[in-house]
Amino acid sequence: MAVIAQKCPEIKVNVVDINPERIAAWETDELPIYEPGLLEVVKEARGRNLFFSTDIEKGISEADMIFISVNTPTKTYGMGKGRAADLKYVELSARQIARVAKTNKIVVEKSTLPVRTAQSIKAILDETSNGVKFSVLSNPEFLAEGTAVTDLLKPDRVLIGGEQTPEGLAAIEALTDVYAHWVPRERIIQTRLWSSELSKLTANAFLAQRISSINSISALCEATDADVDEVAHAIGTDSRIGPKFLKSSVGFGGSCFQKDILNLVYLCEHFGLPEVAAYWDQVIKMNDYQKRRFAQKIIHTLFNTVSDKKIAMLGWAFKKDTNDTRESAAIYVSDHLLNDHASVHVYDPQVPAKSMYADLNYLETRSPEENRAMLTVNTNPYDACKDAHAIAIITEWDEFKTLDWKRIFGSMKKPAFLFDGRNILNHEELRKIGFKVYAIGKGHQG
Ligand code: UDX
């Protein structure tokens, strides 16, 4: 919304939310999310044509176009538990819009939703409103965290799905006109409603599948004499495959990949396609395996026990340049290590301690008190690594590359092990310093 406001000064953008703290934070220079370049965009438009408020009803009344951008987490209860998307918040939003709206509106689904949700939204709007006409569009968001602003300013494409009726087509055109302020028209793809909804799930499934594919090969590389980065480079130069999203890692995280694949799996089962469901489910199983494999490698290497050993974990966010930790590999790797009674010390440049404890507590593997006793959060990497038996790199933060690795080696217990879950460090240099280095997908290591 901030980018729309920046690029379309004549459009008034009202962002409304029920959470007053969150709305208040958007009015300050300490935005509720860390995203490079975002503050500048917000500052340019804030107070001019970008406004934040908790007055949801006023926001609905005034709007010609309403974007529903609420959370759609995986269901934690009832039918479809652990797989289906929880549409509670979407439905509540739709009901509120229907109740409050007095003039015709275009309602845009921005949240990632299972296929055919737009139909349910439309049904709720039509059945519960007071004769007001609604057009429902699907406009999935493809930005990635950490690069959100650049992704929005220069998107590969914008996707707009709508009903193929005169009103639906007019609504598609209205939203196209908004994006056309800065996105070339040939990059704005118009489709039918369900194709747009399904494209979002499919795009994320394909992206995640690439990571699981290269991660599966990383295990084979380690068992043989190959190097996964060399393999990725060699296959990525085939223009049909392409070089992006082939970086082997400790496993993908983030709010979208797992959730959307689970959703896709649930849909396939629902529509009687168990083979298709099993095919996509394997992408998640491979990701779980990769996270588990990394933790097990640490335990095996440390002479089959990490009990009471200090393990330093560098990075908790699910990727660099974000403070988002949802589904981060760090959560699962540390949970495995804590099960083996390790003393885990974490440093992340952006993630606050309370998020780390909340992430661990959510797993309910042990009590919050036990998590607090076993996991320590450090505010600098040198303290986290001091007297540690091993270091695990979980997030690819740039600053880890330029740490004083000699100093860190000098402060550690020997042998000093380092497990690079992102292959970001210079392993040869580290070995010269004296580290015992393990890196994902490197079968040739010493
Ligand atoms: C993703 C999609 O990229 C985006 O289009 C969609 O709108 C939301 O979901 P995001 O989750 O923000 O975006 O980050 P992304 O850059 O896709 O990374 C997801 C995870 O995959 C991270 O944990 C990342 O570290 C990991 N990853 C990514 C790899 O392990 N290897 C890669 O080569 C790329």
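## The second largest pocket

Twelve nonpolar, four polar and three charged residues make up the lining of the second largest pocket. Here Ala, Val, Leu, Ile, Met, Phe, Trp, Tyr, Cys and Pro count as nonpolar, Asp, Glu, Lys and Arg as charged, and the others, Gly among them, as polar. The model is a predicted one, in which local features need pLDDT of at least 70 and side-chain atom pairs count only at pLDDT 80 or more, while totals for chains, interfaces and linings use all residues. Residues are numbered from 1 along each chain as its sequence is written, and side-chain values use heavy atoms, with hydrogens and water left out.

The volume of the second largest pocket is about 410 Å³. Of its 19 lining residues, Ala85, Leu87, Pro114, Thr117 and Tyr266 are the closest to the centre. Helix H5 (88-100), helix H6 (117-128) and helix H11 (257-270) each contribute at least two residues to this lining. Helices are DSSP runs (H or I, at least four residues), as are strands (E, at least two), numbered from the N terminus. On a 1 Å grid over the protein atoms alone, a pocket is an open set of points with protein on both sides within 12 Å along at least five of seven lines, a cavity is a set where a 1.4 Å probe fits but cannot get out, and lining residues have an atom within 4 Å of a point. Points are joined across faces, edges and corners, and a volume is the space filled by probe spheres set on them.

The largest cavity has a volume of about 40 Å³, and its lining consists of Glu109, Ser111, Thr112, Leu113, Ser138, Pro140, Ser196, Glu197 and Lys200. H9 gives the largest share of that lining, three residues. By class, the lining has two nonpolar, four polar and three charged residues.

## H9 and its partners

Let's follow H9 to two of its contacts. The axes of helix H9 (residues 193-223) and helix H10 (residues 228-236) come within 9 Å and cross at roughly 135°; axes are lines fitted to C-alpha atoms, for helices over the stretch in contact, and angles run from 0 to 180 degrees between N-to-C directions. H9 and H10 are therefore oblique to each other, since angles under 35 degrees count as roughly parallel, over 145 as roughly antiparallel, 65 to 115 as roughly perpendicular and the rest as oblique. From H9, Ile214, Ile217, Ser218 and Cys221 meet Val228, Val231 and Ala232 of H10. This contact has six nonpolar, one polar and no charged residues.

H9 also packs against helix H12 (residues 274-301), at an angle of about 45° and with the axes 9 Å apart. That makes H9 oblique to H12. On the H9 side the contact includes Phe206, Gln209 and Glu222, and on the H12 side Trp280, Met286 and Arg293 are among the residues involved. Nine nonpolar, seven polar and two charged residues form the contact of H9 with H12.

## H13 against H14

Helix H13 (residues 329-339) and helix H14 (residues 353-363) have axes that come within 10 Å and cross at roughly 65°, so the two are roughly perpendicular to each other. Ile331, Tyr332, Ser334, Asp335 and Leu338 of H13 make the contact with Asp359, Leu360 and Leu363 of H14.

Notes. Contact = heavy atoms within 4.5 Å.
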